[in-house]
Every structure is written in C-alpha cells, then in structure tokens.
Amino acid sequence: MEQVIYLDNHATTRVDPAVLAEMEPFFCERYGNPSSIYHFGGEVMAEVERARIRVAELLGAGYRDRDGHASEIIFTSCGTESDNTALNAALNARPDRRRIVTSVVEHPAVLAWAHEQERRGYALSLIPVDERGRIRLETLRELIDEDTAVVSLMWANNEIGNLYPVEEAARLAHERGALFHTDAVQAVGKVPIDLDHSEIDFLSLSGHKLHAPKGVGALYVRRGTRFRPFLLGGHQEKGRRGGTENVPSIVGLGKACELARLGMAEEVRQLAELRDLLEQRVSSAIPKIRLNGDREHRLPNTASISFEFIEGEAILLQLDQFGICASSGSACTTGSLEPSHVLRAMELPYTAAHGTIRFSLSKFNTRAEIEKVAATLPPIIENLRRMSPYWEETR
C-alpha cells in the first residue's frame, strides 16, 4: 500500500510526537501511583495537576481552588464516560424533574443514554434539525419546561461538522432551572471556548480527538454544581471518579491541550483552507453531489459530501486501494446498512444519504494529499456510477 492519506480525524487522530515524548517517562521511569503518600508518587500527582491546568486553560476555565488546582476538571476514560457521568449527575441534582431535552443529531453516547432514561420513565424531547442540520433556538425554548432536568446539546456535530449555539442554549436552560451539558468532543481544540464567560454546567471532551491517546477524556463541572460520581471506588479525583489515574494518558492530554491552545489560530486557518480546496476540486470535477451541513457555522476541518446513486461503502473500499482513509459517518455506527441518524434527521434523500462520505482533516494533512484525493475521486465515482442502474435512469 502507498503511504496512507488519513482523512478520518473525527474517528481518531494521530498522537502528536510532542505528546508522546511527554508521556514516555511515565511508563517506566516515573511510574509511581499518584495517590501514594511518598515523594515518588507525589511527584507524579504534581504532573497530573499540571495536566489538569492545561486542560482548563484550553477551555477558558480559570477557577483554581485554594491548592491552586483546576478543580473543575475531572479526568475520565473517554468522551462517552464524560457524557454519561455528566448526564447522570444532572438527573441526580434535579430528582424532582422528569424531562430530558437533547437533539436528534447527538452522538450515540448521549442519544443512547437518553433513550435508556426514557425506558426508565423519563420524558424525552428531541430538538429537530432542518435540511442543513441546523436547529432553531426558538424551538429549543419551546421544548424546555419546568419539568426539565437537563438539556444536552453538542457543540460540534461529528458527522457534518455543524457548530451549535450552546452558549445561548445554556442560558435558555437556566431560565427554566435546568442544567446544561455539551458534548464538545469534536469542538475542543478547533473552536475558541471560554467557559468562565458562559453558563455551561458540564462539558465533555476526549483525548484521542485532539492528538492525545485513546483511553483518556475529561469532564468540566462548573464549581458549585451538584455532582454525584458515576464510578465509585477510591478517593481519586477528589472522590469524584474512582479508579487509579491513567497518568501517561492524562499527561498526554494535558500536553495536547497546551499545543491546541497555542496553535489553534494557525491550525484553523490551515484546515479551513484545505477543506475548501477539497470541496472546490470535488464540486468542479464530479456532477450530482451535495455538500452537507451548515455552510456558515461549521468546523474548519470537516467536509461531508454525498455522491448520489452509489454506495458509500463502495467508495471507501476504492479509496482504500489508494491508501486514502475516510468514513461514511460516525465510527460508532460503522457496520450499519442504514444511513446515519444525522442524515436521516436532515431528510437527505436515500439516493444521496447512502453515498455520503465524511472527510475530516488534521494539522498533519498537506495540500499535496488533498490534491491527490481530489484527483483520485472522480474516476472512482464515474466507474461506480457506470455500474449503478439508478445512475443510468437519471441520465
């Protein structure tokens, strides 16, 4: 296989070499348990707290407790754990309320949890989207009532890249006394976040989406918010998340957050330029395609393109022969024969939804790679359409 061109960075990202370098000493040299009372463990705990501050700085969470710790940040194993922890805590904090409000385009980590609570007797209200995957704040306002315990709205969609008005949504939730959570897994490191000047109560993130390793995440819990742990055990994370800390990965997440904060402006410019180049090249070379999502409010690195009258899996298999990695949607739903719930919610025609490919870029992608993808795609699409009876009927 030729050198891989990796355009599936919403599924996972390459660990930044600088992140790996910072992690390495904590495997075989500085391997002490940070909860130990001796100096060898205490030095490791100091690095955990340093990582916590780095995460908080990227999120604009400036609060420090009397020990100087960024105590609004809790380390977890992944974005899914962060989501579930926050949402369960919200229900526990509002036991007299029995309604959950979220959107139809959330990640399964939120939607599956919400449907499970519905089976347990909670009312569930789902915010619809339009054909571009956008929501209306007025619709959200109408759905939140005095019985709403929590509103959860993702900051950025993992399939189409839309950015959602989470700060305004948090204010609407608070007007009715509800708590607000955002799944910011795809937004962190790609858009500026200033939690000190927002009303967001909970924010979830995942390390492997911003060039840290898999198996580590974080949850922001605004100080003063009532919180009950999801994982019970030892006294780690000030009693808020049991389990021995995954120190190498926590250190790596801290470094990745620092790199994202320092390099965000240039990275956003670079990614938007490459994304626009890809969309322009593909649009000019291939007929009967759709560019999905909100064209104004979206992530800089995401292009969701529907190639009508052919199957996305066939496109991906052909791209794979050239070492090009992309996705037909969320990695968490790969294997399903149905179009993704996001595309169905947008009421995308099946002839387009089945042929949708998500390209998600990172700072490690180059213009030469994008040019190669843009040159490789047209003959693949032409050959697949030539075999499609549906394509022949439209000509």
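Q: Which strands form the open sheet, and in what order?
A: In this predicted model, 3 strands form an open sheet in the order 9-10-12, and the pairing is antiparallel.

Q: Which strands stand at its edges, and why is one side of each left without a neighbour?
A: Strand 9 (289–291) and strand 12 (356–360) stand at the edges, and because each has a single partner strand, one side of each has no neighbour in the sheet. On average, neighbouring strands of this sheet are turned by 20 degrees against each other, with direction ignored.

Q: And what packs on that sheet?
A: Helix 9, residues 247–285, packs on the sheet and touches strand 9, strand 10 and strand 12, while its direction makes about 15 degrees with that of strand 10.

Q: How many bridges join strand 10 to strand 12?
A: There are 5 bridges between strand 10 (residues 302–307) and strand 12, the two running antiparallel, and within this pairing Ser 304 stands opposite Arg 358 of strand 12.

Q: Staying in strand 10, is Ser 306 buried or exposed?
A: Ser 306, which is placed in strand 10, has a relative accessible area of 0% and is therefore buried.

Q: What does the side chain of Ser 306 join in a polar contact?
A: The side chains of Ser 306 and Asn 292 are joined by a polar contact of 2.9 Å. Leaving out residues up to four places away in sequence, Ser 306 touches a list of residues that includes Lys 288, Ile 289, Arg 290, Leu 348 and Thr 356.

Q: Changing topic, which way do the residues of strand 2 point?
A: From strand 2 (residues 73–76), Ile 73 and Phe 75 point one way, whereas Ile 74 and Thr 76 point the other way, and all of them are buried.

Q: What stands opposite Ile 74?
A: Ile 74 stands opposite Leu 219 in strand 8, and strand 2 is joined to strand 8 (residues 217–221) by 4 bridges, with the two strands running antiparallel.

Q: What about backbone angles, what is the phi of His 211?
A: His 211 has a positive phi of about 75 degrees, although it is not a glycine. As background, most residues other than glycine have a negative phi. His 211 lies in the loop between strand 7 (202–206) and strand 8, and with a relative accessible area of 7% it is buried.

Q: And where is Phe 309?
A: Phe 309 is in the loop between strand 10 and helix 10 (312–320). Phe 309 is not a glycine either, yet its phi is positive at about 75 degrees, and its relative accessible area of 15% makes it buried, since the cut-off is under 20%.

Q: What does Val 188 touch?
A: Not counting residues up to four places away in sequence, Val 188 touches Leu 58, Leu 59, Ile 193, Leu 203, Leu 205 and Leu 210.

Terms used:
Residues are numbered from 1 along each chain as its sequence is written. This is a predicted model: local features need pLDDT of at least 70, side-chain atom pairs count only at pLDDT 80 or more; totals for chains, interfaces and linings use all residues. Side-chain values use heavy atoms; hydrogens and water are left out. Buried means under 20% relative accessible area, exposed over 50%, partly exposed in between (1.4 Å probe, protein chains only). Two strands pair if DSSP finds at least two bridges between them. Axes are lines fitted to C-alpha atoms, for helices over the stretch in contact, and angles run from 0 to 180 degrees between N-to-C directions. Contact means heavy atoms within 4.5 Å. A polar contact is a pair of N or O atoms within 3.5 Å; within protein, one must be able to donate a hydrogen and the other to accept it, and residues adjacent in sequence count only if both atoms are side-chain atoms.
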